[in-house]
Amino acid sequence: MFSQGLHKRSKNLVTDNVVVVEGEVATISCRVKNNDDSVIQLLNPSRQTIYFREVRPLKDNRFQLVNFSSSELRVSLSNVSLVDEGKYVCQLYTDPPQEAFATVTVLVPPETPTIDANKDVLNEGEDVEFTCSTTGSKPAAEIKWLKGDEEMQESAGNVEEDPREEKLFNVTSRLVLKVSRLDDGLPVTCQVEHPAVKDLQTMKDLQAQRYLDVQYKPQVQITMSQPQGLTREGDTLELICTASGKPQPNLMWKRVDEEMPDRAIFTEPRTLILESLNKTDNGTYRCSAFNDVGESFEDYVLHVYDSRAGTEVPRSVDHAVIGGVVAVVVFAILCLLIVLGRYFARHKGTYFTHEAKGADDAADADTAIINAEGGQNSTDEKKEYFI
């Protein structure tokens with residue numbers, strides 16, 4: 001039973017509206033703030049007296065006296081049904097008489113919902129329409145949709161009166177989904193919500209589920225289990241093909257545009273083994289997977305290297321790097337020497353002294369030597385005479 005908290009007052013006579021779930025107990029209370037020993041009575045919506053003071057004239061055992069005093073008349077009504085809805089009257093015999101009204105509202109929980117789908121088995125990318133229905137609720141129930149744990153928005157909804165009982169409602173909701181392979185196996189849940197349902201167990205009972213059955217074409221992947229690294233002459237090649245699809249796909253190996261080598265070994269449909277590889281094995285190897293929905297494939301391109309491949313290549317690469325570095329260093333040194341040479345050539349000067357100036361005007365080598373040793377021309381010597 002729920003109290004709406006709305007008081008109906010007639011001077012000093014007070015009562016409350018009552019909201020109760022069908023089948024439960026409703027309690028109606030008539031209270032007097034200041035009573036002068038006036039008589040209190042309770043009447044049903046048909047204005048039949050239920051209780052006059054502490055006496056029950058109405059022969060309905062579902063009504064029971066809970067409390068009677070000069071300030072209150074409290075009555076319980078068990079096993080409430082829709083026919084009990086209406087406006088109950090608290091009456092105080094004064095001059096003039098006073099009345100207050102308590103409205104009893106009965107909630108009727110919905111029946112367990114049903115869920116249907118227009119298709120049972122779906123292909124990836126198709127649309128599916130679910131229909132969820134629940135009947136006999138008051139007020140009208142609300143329907144919520146879930147795909148897995150994800151809440152979905154309904155596509156359409158309809159509420160109509162129940163033809164069996166005009167106060168009850170039937171509710172229908174529709175959900176349209178476009179499915180993918182990720183939806184396969186997920187539950188689609190139709191969950192009914194109603195103010196009359198509070199406990200978790202009852203809420204679980206008010207839901208229905210359908211599981212998605214989605215078929216999809218295969219996805220293929222090729223992995224090389226051996227050898228590790230480069231495929232060299234003489235090695236054994238082992239390729240493993242895996243495919244996921246629904247229904248379970250069939251697998252097939254082939255060599256694109258060429259015949260499969262005679263020594264090819266197939267262990268189960270998914271594994272291809274080529275022993276003693278040689279360069280005639282070069283080519284594209286394809287794993288195809290197919291089911292009722294479609295077909296897909298993946299290619300592996302085989303290139304067989306020399307038996308020594310992978311060991312000499314790193315050395316040649318190292319020598320080339322070292323040679324390149326040395327060449328760059330030598331080139332840089334040569335450029336530096338050229339620049340320094342040009343610099344010193346531009347700044348070189350000519351220096352002259354006068355220590356052998358006399359030798360420049362000499363007629364021959366002997367005269368030049370003589371002039372140079374004396375530091376001056378002999379013709380310029382000063383002569384002295386003694387008498």
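This is a predicted model: local features need pLDDT of at least 70, side-chain atom pairs count only at pLDDT 80 or more; totals for chains, interfaces and linings use all residues.
**View 1. The disulfide between Cys30 and Cys90**. The sulfur atoms of Cys30 and Cys90 are 1.9 Å apart, and the link is left-handed, with -75° about the S-S bond. Because Cys30 belongs to strand S3 (residues 26–32) and Cys90 to strand S8 (residues 86–92), the pair ties together parts that are 60 residues apart in sequence. Cys30 and Cys90 are both buried.

**View 2. The disulfide between Cys132 and Cys190**. Here the S to S distance is 1.6 Å, and the torsion about the S-S bond is about -40°, so this disulfide is left-handed. Cys132 lies in strand S12 (residues 127–137) and Cys190 in strand S17, so the pair ties together parts that are 58 residues apart in sequence. Cys132 and Cys190 are each buried.

**View 3. Strand S17 and its pairing with S13 and S18**. Six of the seven residues of S17 (residues 187–193) are buried. S17 runs antiparallel to strand S13 (residues 142–147), to which six bridges join it, with Gln191 as the bridge partner of Lys144. Five bridges join S17 to strand S18 (residues 207–211), again in antiparallel fashion, and in this pairing Pro187 has Tyr211 as its bridge partner.

**View 4. The disulfide between Cys241 and Cys287**. The two sulfur atoms lie 1.9 Å apart, and the link is left-handed, with -80° about the S-S bond. This pair links distant parts of the chain, with Cys241 in strand S20 (residues 237–246) and Cys287 in strand S24 (residues 283–290), 46 residues apart. Both Cys241 and Cys287 are buried. Counting bonded cysteines along the chain, the disulfides follow the pattern 1-2, 3-4, 5-6.

Technical notes:
Residues are numbered from 1 along each chain as its sequence is written. Side-chain values use heavy atoms; hydrogens and water are left out. Buried means under 20% relative accessible area, exposed over 50%, partly exposed in between (1.4 Å probe, protein chains only). Helices (H or I, at least four residues) and strands (E, at least two) are DSSP runs, numbered from the N terminus. Two strands pair if DSSP finds at least two bridges between them. A disulfide is a pair of cysteine sulfur atoms within 2.5 Å.
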